[in-house]
Structures are given as structure tokens and as C-alpha cells.
Amino acid sequence: MKTIIYSFGDAMNFSKIKSNFQDLKNGEIDVKQGLLSKEDALKLFEITHWKDYLKLFSIASEVRDYFKKEIEITSTIHITNICKVHPKCLYCGFASGTSKEGYYTPFKISDEEIKNSAIAIDKSGICRVSCSSAHGYEGGEVLRALKIVKENTNLEVLVNAGADLTEESIKEMKKYGIDTICCNLETTNKELFKKIKPGEELEDRIEVCKLVKKYDIELSSGLLLGVGESHEDRVNHLLFLKELDVDEIPIMGFNPYKGTPMENHPRCSSLEQAKTIAIVRLMFPDIRITSPTPTIGAELMQFALMGGASNIATVIPDNHPMNIKGVGNPKTGNLKDVIRMIKELGLKPKIRMD
Ligand code: SF4
């Protein structure tokens with residue numbers, strides 16, 4: 001088994017990444033090692049020239065295409081926006097009372113509404129749904145949704161209740177056939193985490209991630225970009241996710257919600273998100289890398305695909321019975337538009353045709 005070639009010297013040397021990729025394909029590098037060292041990843045974050053961007057996107061897309069024959073599409077059911085975290089996360093426009101652009105009014109949807117949403121998503125041909133709830137239910141609300149979705153559809157299910165899960169609720173979800181549990185750390189820079197999420201503890205989120213892996217469930221855990229973290233913070237975060245043996249990484253660029261304490265903080269550009277996705281793809285060649293449409297901007301998701309993303313999330317079919325607003329931004333991606341944009345790049349959307 002070879003070790004990957006590190007250190008590019010002063011100039012970016014993409015041929016070294018290509019040579020590492022060839023070794024990976026030849027079975028001489030373990031896929032878990034990835035294709036970059038910490039120094040390489042940091043250097044890639046510093047690129048500023050279009051020539052380097054094109055080379056980066058080209059190799060990242062090649063790596064994605066080698067492992068992923070189709071682009072996954074994930075839809076959404078929001079179960080409740082009544083969040084007991086206090087004070088609220090500074091960027092949040094999802095929880096009731098945080099942003100008039102968001103849901104604002106408190107809601108908790110009924111079993112019937114969950115069932116109707118799930119059946120509509122299933123009928124649209126989408127194969128996967130994310131069911132998420134705000135905090136304060138110890139996993140009870142996402143467990144309720146999981147049972148209903150699995151009883152009524154063939155959808156793969158991801159649940160996201162952040163750190164609001166107990167070991168018991170995770171064990172129960174395993175019993176009911178959960179596919180993926182998402183718990184985003186957002187940033188592993190402790191001071192920054194405390195600043196933007198004053199009502200939460202980073203350690204609680206890490207604990208949930210470890211429990212998910214303990215029960216051999218797919219772990220999704222992502223980064224929130226452009227909230228004050230440095231490139232080194234991002235790379236350290238990614239290396240920490242490697243230690244956790246993460247299975248999916250959502251890359252979410254900050255996109256401000258009006259009325260929140262961060263409404264005047266600048267949004268993270270689509271280019272910065274795509275660059276980060278590409279670096280993640282080179283560090284984690286074979287995992288699911290997710291770009292939620294509200295964070296990159298639904299009309300800009302082709303940047304994410306060129307960066308090597310393999311899953312587009314918060315995609316809403318025309319027949320979805322609920323008015324879904326994104327967690328990072330009220331706008332969501334329409335299924336027909338998303339399929340068209342995937343095909344425009346010569347990629348294949350994963351969609352059931354029956
Ligand atoms: S981001 Fe999640 S935990 Fe934070 S306030 Fe919003 S709903 Fe609550």
C-alpha cells in the first residue's frame with residue numbers, strides 16, 4: 001500500500017493529486033486516506049486564479065464520477081419549528097419567531113400531513129427525504145416522522161434534530177430502519193460555535209455523532225461556511241469528521257435570513273462553496289457530499305455539482321403539499337429545475353421512473 005504524495009511546494013501541483021487518484025484507482029491508496037494532506041487542503045483554499053479553479057473542479061468532478069454514477073436528490077419534510085434552544089442560534093430563520101421571511105408562526109405538523117408529504121415525494125420519483133425538527137423533543141418528533149414515512153413509502157430517510165437525540169431514540173430509529181442521521185457541527189472552532197450558537201454546546205453535537213456511529217447508522221455532519229471561520233478551521237473540522245468516519249458531508253454556505261441577528265453578515269459566495277465542496281471531495285473521495293439548494297442558491301447549484309457534490313438537498317416537487325422554506329434561506333429548489341440542471345452538465349439524476 002502506497003502513501004499519498006504530499007507537499008506541492010509553492011505552486012499548486014494538480015498532477016500530484018491526479019497521480020494520487022490513479023494510485024487510489026489501482027488499489028495502492030486506501031480511499032479513507034483521501035488524496036490530500038492538511039497542507040495541500042490549506043493551499044487549495046488559497047487559490048485565486050480561474051485556471052486553478054477549473055483544474056480543481058475538473059479533478060474533483062472526475063473523482064465524484066468515478067464513485068457516483070448518479071446524482072442523488074433529497075426532499076424535505078419539516079415537522080416542527082418550535083425550538084426550545086435559548087438563546088436562538090444567531091443565523092436561524094427556521095425556528096418560530098426568528099424571521100418573517102421564514103415560517104415565523106409556530107407549527108407542528110400532524111401524522112396525516114407527514115404521510116401526505118411523504119407519499120407526494122415518493123410519487124414524484126425522488127428516492128430520499130430529510131425529516132427535521134427543532135429542539136426540545138429528545139428525538140420524539142423525528143422518530144414519529146420516520147415511522148410514518150417508512151410505513152407508507154419506499155423512501156430512504158435522513159433525520160435531523162441536531163443534538164436533540166438520546167441514545168434510546170437512536171436505538172429506536174435503528175429498529176425502524178433509519179438510513180442516515182444528520183447532526184451538523186457547523187464549525188469545530190469552539191469560540192465561534194459559542195458565538196453563533198449561544199444556546200447550544202458543541203460537545204453535545206459531537207456526542208450525538210459518536211452515538212450514531214456506535215449504532216452503525218450512516219452519519220451526516222456538515223459545515224456552515226462564511227460565519228467567521230478561517231480556512232484552517234475548515235480543514236481541522238474536516239479532519240475531525242474523518243476521525244468520526246462520517247458518511248455524508250453537507251456543505252452549507254451562510255445565506256442571511258432577514259430579521260435575524262446575522263441579517264447583515266455577508267452571504268458565502270457560490271464559488272467559495274464550490275471550492276470547499278471540491279476540497280472535501282478530494283479529502284473524502286467516495287462519500288455523499290450534499291449541497292442544500294437554499295444555501296448555495298437554487299439557481300447556482302451547478303457550481304456545487306462542478307465542485308464534485310453528489311447530492312442536492314431541499315428539492316421540492318410540484319405536488320409537495322406543504323410550503324417548505326429552507327433552513328438556511330427561504331428559497332428552495334424545484335424538482336423539475338434541479339433535474340434539468342443536473343442533465344445540463346451531462347450528469348444523471350437518481351430518480352425513479354415508474
Ligand atoms: S438552528 Fe436549530 S437549534 Fe438553532 S435556533 Fe434554529 S431550530 Fe433551534
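Visitor: How many Å apart do the C-alpha centres of domain 1 and domain 2 lie?

Guide: Domain bounds come from an automatic or database domain assignment. Here that assignment gives domain 1 (14–64) and domain 2 (69–344), and their C-alpha centres lie 26 Å apart. Bear in mind that this is a predicted model, where local features need pLDDT of at least 70 and side-chain atom pairs count only at pLDDT 80 or more, while totals for chains, interfaces and linings use all residues. Residues are numbered from 1 along each chain as its sequence is written.

Visitor: And how many residues does the contact take from domain 1 and from domain 2?

Guide: Two residues are in contact if their C-beta atoms, placed from the backbone, lie within 7 Å. On that basis the contact takes 18 residues from domain 1 and 18 residues from domain 2. Helices are DSSP runs of H or I with at least four residues, strands are runs of E with at least two, and both are numbered from the N terminus. On the domain 1 side, α1 (14–25), α2 (38–45) and α3 (50–67) each supply at least two residues, and α3 has the largest share with seven residues.

Visitor: Which residues have the most contacts inside the largest nonpolar core?

Guide: In soluble globular proteins, nonpolar side chains tend to be buried together. A nonpolar core is a set of buried Ala, Val, Leu, Ile, Met, Phe, Trp, Tyr and Cys residues joined through C-beta atoms within 7 Å. A residue is buried with 20 or more other C-beta atoms within 10 Å of its own, exposed with 12 or fewer, and partly exposed in between, again with C-beta atoms placed from the backbone. The largest core here has 98 residues, and C131, L146, V149 and V159 have the most contacts inside it. Helix α10 (residues 270–283) gives the largest share of this core, seven residues. Domain 1 (14–64) and domain 2 (69–344) both contribute residues, so the core lies between them. Leaving out residues up to four places away in sequence, V159 touches C131, S132, V142, L146, M173, I178 and I181.

Visitor: Which residues are around the ligand?

Guide: A residue is near a molecule or strand if its C-beta atom, placed from the backbone, lies within 6 Å of it. That picks out C83, V85, K88, C89, C92, F94, A95, A134, H135 and G162.

Visitor: Where is the place of V85?

Guide: V85 sits in the loop between β1 (72–80) and α4 (111–124). V85 counts as partly exposed because it has 18 C-beta neighbours inside 10 Å. V85 and G136 are 51 residues apart in sequence and 7.4 Å apart in space, C-alpha to C-alpha.
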